[in-house]
Amino acid sequence: MEKEKDDSLDLYIALARASQWVNAHADRDIRKHGLNRTEFGVLELLYHKGPQPLQQIGEKVLMSSGNITYVIDKLEKKGFVCRRASTEDRRLIYAEVTDNGTQFIEEVFPQHTLIIEGAVAGLTTEEKQAASALLKKLGKYAQTTFK
């Protein structure tokens with residue numbers, strides 16, 4: 001039992017440290033472009049998934065709805081995102097990427113991908129695939145058991 005506890009704590013620490021350092025690489029790159037991780041994540045979501053209701057963006061990038069409003073405001077001021085009322089349900093407000101936002105992501109995202117590739121280059125392709133599968137399994141289990 002003690003060994004299992006030690007293994008769990010070791011995994012937790014390793015996971016947290018790995019995440020911290022990979023995020024440090026990504027964050028440094030994102031900051032060069034005047035955004036933070038959350039702003040970049042929302043912009044990237046809207047670029048790849050299309051217009052999204054504000055209420056659903058928070059769930060997809062793991063943020064509260066109040067924070068999403070703030071992030072959308074900031075992206076709107078930068079000209080990367082705009083709000084649009086739903087034609088079916090006027091209570092729904094969608095956020096969508098603008099032409100400026102599309103141009104920004106298309107210019108920045110390929111280099112950003114290379115930064116992330118460099119940050120995780122300590123693993124082989126097979127190790128990355130195995131780690132990804134295991135972390136997805138771990139995340140789904142943690143999510144389903146969270147009460």
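The dialogue below goes through the pockets, the sheet and a surface patch of a predicted model.

Trainee: What are the ground rules for the numbers?

Mentor: This is a predicted model, where local features need pLDDT of at least 70 and side-chain atom pairs count only at pLDDT 80 or more, while totals for chains, interfaces and linings use all residues. Residues are numbered from 1 along each chain as its sequence is written, and side-chain values use heavy atoms, with hydrogens and water left out.

Trainee: What makes a space a pocket, and not a cavity?

Mentor: On a 1 Å grid over the protein atoms alone, a cavity is a set of points where a 1.4 Å probe fits but cannot get out, whereas a pocket is an open set with protein on both sides within 12 Å along at least five of seven lines.

Trainee: How do you know which residues line the largest pocket?

Mentor: A lining residue has an atom within 4 Å of a point. For the largest pocket there are 21 of them, with Asn-23, Arg-37, Glu-44, His-112 and Ile-116 nearest its centre. Helix H2 (37-49) supplies the largest share, six residues.

Trainee: Why are S1 and S2 called edge strands?

Mentor: Strands are DSSP runs (E, at least two residues), and two of them pair if DSSP finds at least two bridges between them. The order is S1-S3-S2 in an open antiparallel sheet. Strand S1 (52-53) and strand S2 (81-85) each pair on one side only. S1 and S3 have two bridges, so they meet the criterion for pairing. Tyr-94 in S3 is the bridge partner of Pro-53.

Trainee: What makes Leu-11, Leu-15, Leu-135 and Leu-138 a nonpolar patch?

Mentor: Patch residues have over 30% relative accessible area and no salt bridge, and nonpolar side chains are joined within 5 Å. These four leucines form such a patch, with about 300 Å² of accessible area together (Shrake-Rupley, 1.4 Å probe). H1 and H6 each give two or more residues to the patch. Leu-15 and Leu-135 are also among the residues nearest the centre of the second largest pocket.

Notes. Helices (H or I, at least four residues) and strands (E, at least two) are DSSP runs, numbered from the N terminus. Patches are made of residues with over 30% relative accessible area and no salt bridge: like charges are joined within 9 Å, nonpolar side chains (Val, Leu, Ile, Met, Phe, Trp, Tyr) within 5 Å. A salt bridge is a side-chain nitrogen of Lys or Arg within 4 Å of a carboxyl oxygen of Asp or Glu.
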